Each structure stands twice: as structure tokens, then as C-alpha cells.
Amino acid sequence: MTQPDMNERIVRYGELRPCKTAFIDAHTPGSDQKENFTVIGGGVSESKDQHIHIQDTPGFNIGAAGQPPHCRNSLHSHRTAEVFFVLSSRWRFFWGRWGTAGEVLLEPGDIFSIPTGMFRGFENVGTDYGMIMAILGGDDAGGGVQWAPQVIEDAAEHGLVLGNDGKLYDTKQGQDLPGGVARMPVLNESELERFAEPPVHEVVPACIARFQDMLALADSGRPARVIGDGALIDERPGFDVELLSRNSAPTDSSSSTRHQVLMAMSGHWALEWADGRTILAPGDTCAVPPGHATRLYPSMSGAASLFRVTNTDDEAGPTRRANDHPTQNRSLESRSPESRTPGSRLPETRLS
């Protein structure tokens with residue numbers, strides 16, 4: 001592979017092109033400052049303005065969300081895996097019909113594999129602009145998102161309407177739904193009953209891997225298996241995730257029969273192949289096709305970590321953990337806010 005060919009398969013953090021109108025809450029106060037990035041594949045963006053950096057998908061999509069402090073992403077659900085790792089800042093993830101079933105705080109490097117069939121949202125609670133990287137299962141990322149009804153209703157008050165073609169229309173700019181396109185219907189109460197409301201003590205141990213734990217495993221001499229069959233997060237979403245550190249970086253050139261996506265977390269990484277060499281910096285993403293021998297190692301001293309995502313033969317679909325939270329696990333917190341005790345708030349789960 002020539003240097004120009006490999007360059008086409010690298011998306012530099014500093015060259016990411018944001019879309020500020022990607023989703024239905026783009027005009028809703030509190031969510032109107034977020035930016036969406038599609039790195040590999042089209043993801044689940046609802047905007048015709050979304051730029052896609054690499055079109056071809058290896059069985060999964062890579063995206064990112066960038067948000068200033070106090071900006072949040074509204075409650076939604078996915079039909080395939082949605083895995084986040086925090087690249088920068090501090091983030092609060094929350095879930096449930098009203099976002100009150102549970103919440104957890106994540107720091108840089110932490111990974112959260114969010115169960116399908118569960119409403120989730122997230123907010124930058126740090127002091128600086130923050131970025132989280134996302135892996136979405138399936139070449140079509142599950143065909144789109146499902147929004148909590150109140151998100152669609154709030155958006156309509158600010159001019160944005162989602163059509164049943166999956167596209168956004170801004171009524172304040174005079175955009176009407178095309179002929180044959182109706183408004184996306186909101187989920188009814190019967191449909192909402194099928195969305196899980198698992199408590200914190202069920203979600204956190206099974207679905208979250210802390211960066212320091214992953215790094216300790218990777219520093220023992222072998223890449224830390226983060227997501228996969230029997231890994232720290234025991235899932236088979238159509239891809240495996242590993243963390244590499246300085247002590248677990250391969251010493252020799254090797255090739256894989258699988259697609260591999262390299263996502264630098266910290267430090268700078270040299271990637272060498274027969275016809276070239278490049279450096280991956282934090283936030284950079286590189287898609288290495290099957291059958292190409294490469295060597296990957298830290299290019300300078302200091303902390304160095306990198307996530308490696310590999311496609312598998314597993315079919316993208318509902319995660320295992322979705323089956324661990326049947327409808328009867330829905331708690332009283334799934335009721336509307338008016339039905340809960342005034343001033344009540346779930347305790348935060350913090351790093352020890």
C-alpha cells in the first residue's frame with residue numbers, strides 16, 4: 001500500500017469536520033451546541049449536511065461527539081451496539097425513559113458499551129470542550145435511532161421535524177415534508193414498556209471498563225481484551241476492542257485477515273508498512289485493511305495507549321446485556337418526572 005493510499009484511510013483529529021445539525025435536538029436549548037462527526041460510515045446522522053470522512057465500513061461505524069461544558073445529547077436508543085470511549089473532558093451518562101433510571105461519570109479512556117433497547121443520553125460535565133469516540137454496530141449502524149417521545153415534541157417547538165424517511169426538516173426555514181413523507185411517529189406507551197430501566201448496580205459492572213484497569217492489563221505484556229467473548233465487557237457486537245500500551249505493543253510486523261481500526265488514545269504511535277510510515281496522534285483514526293503487514297509502536301517516551309477495533313463474524317444486533325434487563329426490571333423511576341418525589345435525584349457513580 002502506497003503512502004497516499006494509507007493517507008486516505010487515516011482521519012486526523014485536527015481535520016474532523018463537524019455537523020451541528022445532525023440530530024433532531026439540534027435547536028433544543030441545552031443540546032444546540034453539540035457537534036457530530038462521522039469518521040467511518042454514515043453513522044446515524046439525520047442531516048443531509050453531515051460529512052462522512054471514510055464511506056466504506058468494516059461491519060461497524062466509527063463516529064464522535066464533541067460538546068462544550070453543560071451541553072447534553074438527548075435521550076435515544078439504538079438497535080445495535082453503541083460503544084463510547086472518552087477522549088477528553090469528563091462525561092455524565094444517564095439512562096431510562098426520563099434519564100433517571102441511572103447515571104455514571106466517565107473519565108478519559110473509560111469505555112461504556114450501552115445495552116440496546118435502553119434510552120440513553122450524555123452530558124459534558126467537565127470544564128473544557130470534550131470529545132467522545134463512538135463505535136456503532138453494523139454497516140448501517142442499526143438503521144437509525146429511536147428518540148424518547150419528549151425529545152421529538154421539544155424539537156418541534158423549536159422548528160425541527162423528523163420525517164419517516166429519517167431526515168430532518170426545519171420548519172423555521174420554510175422546509176416542508178416532501179410528498180409521501182410523514183412525520184416520524186412517537187413511540188406509544190405499549191412500545192415504551194419494552195425499553196429497559198436497569199439500575200446502576202446492574203449496568204456499571206457489566207458494561208463499563210475503566211481506563212486504569214485496562215491499562216494495568218495492557219502493561220502486563222499483552223493487549224487488554226476490552227470487548228469480546230469473555231473480555232472485560234463480555235459482549236459479541238460484531239467487533240472486538242483491545243487496548244494496547246507501550247508494554248503490549250507488538251515488537252514485529254504482522255498482518256491480520258480482519259479489518260482493524262486503530263484509535264489513538266494517548267501518546268504518539270508510529271505505524272509502519274512495506275511502503276511507508278506515519279504517526280498517529282491522540283484522536284486520530286486509521287482503518288487498516290486485511291492482509292497488510294504493519295508494525296505499530298510508540299514513537300516517543302511517555303504515556304501511550306491505543307484502542308484497536310477488529311471486525312468479527314458475529315452478527316450486529318441486540319447486545320447480550322439487553323437480554324439481561326427484561327421489562328420487569330423497569331423501576332418506578334420510569335414514570336414521568338411529575339410522578340417522582342420532588343427534588344429526588346439518583347446518586348452519582350463516581351471513580352474511586
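Reader: What percentage of the 352 residues in the protein chain do buried residues make up?

Author: Buried means under 20% relative accessible area, with a 1.4 Å probe and protein chains only. In this predicted model, buried residues make up 54% of the 352 residues. Residues are numbered from 1 along each chain as its sequence is written. Local features need pLDDT of at least 70, side-chain atom pairs count only at pLDDT 80 or more, totals for chains, interfaces and linings use all residues, and side-chain values use heavy atoms, with hydrogens and water left out.

Reader: How many cavities of 30 Å³ or more does a search of the whole structure find?

Author: On a 1 Å grid over the protein atoms alone, a cavity is a set of points where a 1.4 Å probe fits but cannot get out; lining residues have an atom within 4 Å of a point. Grid points are joined across faces, edges and corners, and a volume is the space filled by probe spheres set on the points. Here the search finds 2 cavities of 30 Å³ or more.

Reader: How much space lies in the second largest cavity?

Author: The second largest cavity has about 70 Å³. Its lining includes Cys19, Lys20, Phe23, Asn36 and Asn73.

Reader: How many helices and strands does the protein chain have?

Author: Helices (H or I, at least four residues) and strands (E, at least two) are DSSP runs, numbered from the N terminus. The chain has 6 helices and 24 strands. Among the strands, E4 gives the most to the lining of the largest cavity, with 4 residues.

Key. On a 1 Å grid over the protein atoms alone, a cavity is a set of points where a 1.4 Å probe fits but cannot get out, and a pocket is an open set with protein on both sides within 12 Å along at least five of seven lines; lining residues have an atom within 4 Å of a point. Buried means under 20% relative accessible area, exposed over 50%, partly exposed in between (1.4 Å probe, protein chains only).
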